[in-house]
Amino acid sequence: MDAFWQPGDQVYPRLSEFDATVSGLEDLGGVYAIWHLGVRPQWLRIGASENLSKTFEILTALEDVAVFDRNRGVFVAWAPVPEEQWAGIVKSLTARLAPALQGLRLETESSIEEDALPVDCPLPPGTAN
């Protein structure tokens, strides 16, 4: 799997401080991952969106996400992979990581079909499960 997680320098932005419009993500789609560090680091959500900027804006405003940001931050990475791979990547990473906020439904996200075949995908470099 050639998912190329961004940012490439592995200096992952804190979601609450990230301006996706400055980073040129308004018209970019792909898969994303958010996690928090803190005392008990945890994966929070894996998703796919046609507009990563708008999705990150919505996630930032959610109290469910903000509560995790109080303890050393919620961080984000994204991979601009082809749309036909989104469902499989999300399904694979979700099964592997069991993100705490996977049950949230966001209007900007692409739906993940139940019968999508998992697509193996590495974690963002420098993170661990």
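Two strands count as paired here if DSSP finds at least two bridges between them. Helices (H or I, at least four residues) and strands (E, at least two) are DSSP runs, numbered from the N terminus. With that in hand, strand β1, residues 30–36, pairs with β2 in the antiparallel sense over seven bridges. His36 sits opposite Gln42 of β2. The model is a predicted one, so local features need pLDDT of at least 70 and side-chain atom pairs count only at pLDDT 80 or more, while totals for chains, interfaces and linings use all residues. Residues are numbered from 1 along each chain as its sequence is written, and side-chain values use heavy atoms, with hydrogens and water left out.

Now for the whole sheet. Three strands make up an open sheet in the order β2-β1-β3, and the pairing is antiparallel. At the edges are β2 (42–49) and β3 (74–79), each of which pairs on one side only. From one strand to the next, the twist averages 20 degrees. For angles such as those below, axes are lines fitted to C-alpha atoms, for helices over the stretch in contact, and the angles run from 0 to 180 degrees between N-to-C directions.

Next come the helices that go with this sheet. Helix α1, residues 52–61, lies across β1, β2 and β3 and runs at about 25 degrees to β1. Helix α3, residues 83–97, packs on the sheet as well, touching β1 and β2, and its direction makes about 170 degrees with that of β2. Contact is taken as heavy atoms within 4.5 Å.

What span should the 15 residues of α3 have at 1.5 Å a residue? The expected span of a helix is 1.5 Å times one less than its number of residues. For α3 that gives 21 Å, and the end C-alpha atoms are 21 Å apart, which agrees.

Burial is judged by relative accessible area: under 20% is buried, over 50% is exposed, and anything in between is partly exposed (1.4 Å probe, protein chains only).

Most residues other than glycine have a negative phi, and most peptide bonds are trans. Gln6 and Pro7, however, are joined by a cis peptide bond with omega at about -5 degrees, and Pro7 belongs to the segment before β1. Gln10 is found in the segment before β1 and has a positive phi of about 65 degrees, although it is not a glycine. Gln10 is partly exposed, at 41% relative accessible area. Just after α3, Ala98 also takes a positive phi, of about 45 degrees. Ala98 is exposed, with a relative accessible area of 59%.

Then there are the aromatic rings. Rings of Phe, Tyr and Trp (its six-membered ring) pair if their centres lie within 6.5 Å; planes under 30 degrees apart count as stacked, over 60 as edge-to-face and the rest as tilted. The count comes to six aromatic pairs. One of them is edge-to-face: Tyr32 and Phe56, at 5.7 Å centre to centre and 85 degrees between the planes. Tyr32 is in strand β1 and Phe56 in helix α1, so this pair ties together parts that are 24 residues apart in sequence. Both Tyr32 and Phe56 are buried. Phe18, Tyr32, Phe56 and Trp78 form one aromatic cluster.

Charged side chains round out the picture. A salt bridge means a side-chain nitrogen of Lys or Arg within 4 Å of a carboxyl oxygen of Asp or Glu, and the structure holds five of them. Arg45 and Glu109 form one, with their closest N and O atoms 2.4 Å apart. This pair links distant parts of the chain, as Arg45 is in strand β2 and Glu109 in the segment after α3, 64 residues apart. Are these two partners buried or exposed? Arg45 is buried, at 1% relative accessible area, and Glu109 counts as buried at 16%.

Elsewhere, Arg70 and Glu63 meet in a salt bridge at 2.9 Å, N to O. Here Arg70 is exposed at 58% relative accessible area, while Glu63 counts as partly exposed at 49%. Glu17 forms another with Arg14, the closest N and O atoms being 3.9 Å apart. Glu17 counts as exposed at 62% relative accessibility, and Arg14 as partly exposed at 26%. Arg14, Glu17 and Asp69 are linked in a network of salt bridges.
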